[in-house]
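Subject: Structure handover

Hello,

Please find the structure below.

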Amino acid sequence: MDELKDELKTFIVYSYKYQHDDGRVSYPLCFIFSSPVGCKPEQQMMYAGSKNKLVQTAELTKVFEIRNTEDLTEEWLREKLGFFH
């Protein structure tokens, strides 16, 4: 995954090529919201409202939140997507 700055709140919509255990391939559309630790509560509320509106409008179903951008790896994403199967 490309490097993200830890101090930024970020919305990512990402189409990921997912190889299933049975050989099928799918391309789930993932919404990843990054909100750094230490973000002011007022900002958290503002971004949460924006996030919810975007998720509803775009009808996104695979929604994940991450605090530490260093944790945003392909392994992390595959683990999160595994809960949907």
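How many bridges join strand 4 to strand 5? Five bridges join these two strands, which run parallel. Strands here are DSSP runs of E with at least two residues, and helices are runs of H or I with at least four, numbered from the N terminus. Two strands pair if DSSP finds at least two bridges between them.

This is a predicted model, in which local features need pLDDT of at least 70 and side-chain atom pairs count only at pLDDT 80 or more, while totals for chains, interfaces and linings use all residues. Residues are numbered from 1 along each chain as its sequence is written, and side-chain values use heavy atoms, with hydrogens and water left out.

The sheet is open and mixed, with three strands in the order 1-4-5. Strand 1 (10–15) and strand 5 (62–66) are its edge strands, each pairing on one side only.

Strand 4 (residues 29–34) runs antiparallel to strand 1, and six bridges join the two. Serine 34 of strand 4 is opposite threonine 10. Serine 34 also stands opposite isoleucine 66 in strand 5.

Two helices pack on this sheet. Helix 1 (residues 41–58) touches strand 1, strand 4 and strand 5 (contact: heavy atoms within 4.5 Å). The direction of helix 1 makes about 175 degrees with that of strand 4 (axes are lines fitted to C-alpha atoms, for helices over the stretch in contact; angles run from 0 to 180 degrees between N-to-C directions). Helix 2 (residues 74–82) also touches strand 1, strand 4 and strand 5, and its direction makes about 135 degrees with that of strand 5.

Regards
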